Structure formats: C-alpha cells, structure tokens
Amino acid sequence: GRRDGWTGVSATGAGAGTREAVARAIHRRRRREAQSRWVRAGVLAVLVLVADQITKIVVRETMNLHESIALFPGLDITRVNNTGIAFGLFPGRATAVSVLTVLALCAIAGALAGLVARNATVAAGAGLLIGGSVGNLIDRLSHGAVTDFIDPARWPAFNVADIGIVTGAALIVFGLLKEEPGHDPGVDTGT
C-alpha cells in the first residue's frame with residue numbers, strides 16, 4: 001500500500017489507527033478545555049455574587065438610606081436604593097424590571113452557551129455578567145430595589161454587581177472580536 005510520510009506506515013495499517021487516536025485525543029482535550037471554561041465561568045459568577053451580597057449586607061446594616069461617607073475627594077460610599085435599571089433609569093418599576101432581568105438572563109445564557117465552551121474570554125465575561133445580574137436580581141426580589149453604594153463624583157452610584165455586569169459585557173465583546181489560537185469554529189466542543 002501507499003506509504004504515509006508522517007508515520008512511515010501504510011495508510012491501511014497502523015497509520016489510520018494513529019490518526020484516529022490523535023483525533024480522539026484532540027476531541028478529549030477540547031472537551032476538557034470546554035468543561036474547564038464552564039467551571040471558571042461558574043466560579044467567577046459565584047465570586048461576584050458573594051462579594052456583591054456581602055458588601056450590600058454590610059452597607060444596609062451599617063448605613064442609613066442616603067447616608068454618605070467620604071473616602072477621598074471624588075469618591076464616597078453612599079447608600080442608595082435603586083428601583084430602576086442601570087444608573088436609576090425607569091425608577092419605581094421593580095416588578096417589570098425583575099421580570100425583564102429574568103428574561104434577559106435566560107436569553108443571555110442561551111446565547112452564550114456555545115460560546116463559553118470555546119472561548120475563555122467569553123467564559124470569564126459570562127461568569128461576571130451572570131453573577132452580577134443574579135446579585136442585583138436578588139436585591140430586587142428581596143428588597144424591592146437594588147442597594148447601590150459606590151458613589152463617584154459626577155456619576156450615578158453603583159455596586160459590585162454592576163462592576164461585574166459592565167466588565168463581563170466588555171469581556172464578552174472583546175472575546176467575540178478575537179480569535180482563539182487553535183480554535184476551529186466548525187468543531188463542536190460542547191459536552
């Protein structure tokens with residue numbers, strides 16, 4: 001039979017088996033990488049959620065509403081209840097905002113499901129965005145408003161969840177714009 005230049009064996013013999021073994025090894029490696037990205041996304045989501053909830057509990061337990069503590073010029077810690085969406089838009093519509101948040105989370109999770117498995121940057125962004133979104137949703141459902149407290153001059157107050165949401169969205173966009181080395185878009189790396 002024909003000699004394969006790479007292995008030196010005939011294509012009908014051990015060479016075909018070697019190529020199949022290599023293909024299986026590549027598939028297993030991509031599957032492990034995809035699983036690892038899901039784990040990292042989950043860990044980031046939990047870290048943002050825990051940090052967000054702890055900081056909000058501390059603020060709610062130690063500060064009165066609208067109380068402010070000057071950290072340094074241009075940055076205060078001010079307890080604010082945000083009944084609207086980002087930066088206080090659409091105030092007083094907590095139920096509608098909660099429903100929209102749940103729908104948006106489901107849509108985002110569905111859209112990112114395939115991307116998380118094959119792009120580490122998108123996976124990190126998804127974890128941050130989902131952790132922050134869940135943190136603010138917990139506030140809306142349990143308190144009727146989101147507790148904001150990081151209060152820079154000339155900018156609306158925000159919280160740790162908001163940092164996760166904005167950073168996560170930026171990472172998702174960046175991850176979608178860059179190509180990962182060795183990634184074959186035609187290969188399904190899902191579990």
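Q: What should I know about the numbering and the model before I start?
A: Residues count from 1 along each chain as its sequence is written. The model is predicted, with local features needing pLDDT of at least 70 and side-chain atom pairs pLDDT 80 or more, while totals for chains, interfaces and linings use all residues, and side-chain values use heavy atoms, leaving out hydrogens and water.

Q: At what angle do α3 and α4 pack, and how far apart are their axes?
A: Two packed helices are described by the angle between their axes and the distance between the axes. Here, α3 (residues 120–143) and α4 (residues 160–177) pack at about 155°, axes 7 Å apart. Axes are lines fitted to C-alpha atoms over the stretch in contact, with angles from 0 to 180 degrees between N-to-C directions; helices are DSSP runs (H or I, at least four residues), numbered from the N terminus. The pair is therefore roughly antiparallel (angles over 145 degrees).

Q: Which residues make up the largest nonpolar core?
A: In soluble globular proteins, nonpolar side chains tend to be buried together. In this model, Ala41, Leu112, Val116, Val122, Ala123, Ala126, Leu129 and Ile172 form the largest such core (buried Ala, Val, Leu, Ile, Met, Phe, Trp, Tyr and Cys residues joined through side-chain atoms within 4.5 Å; buried is under 20% relative accessible area, 1.4 Å probe, protein chains only). Its largest share, 4 residues, comes from α3.

Q: Which residues does Ala126 contact, neighbours within four places in sequence aside?
A: Leu112, Val116 and Ile172, where contact means heavy atoms within 4.5 Å. Apart from this core lies another, of 7 residues, including Leu75 and Phe149.

Key:
Helices (H or I, at least four residues) and strands (E, at least two) are DSSP runs, numbered from the N terminus. Angles under 35 degrees count as roughly parallel, over 145 as roughly antiparallel, 65 to 115 as roughly perpendicular and the rest as oblique. Buried means under 20% relative accessible area, exposed over 50%, partly exposed in between (1.4 Å probe, protein chains only).
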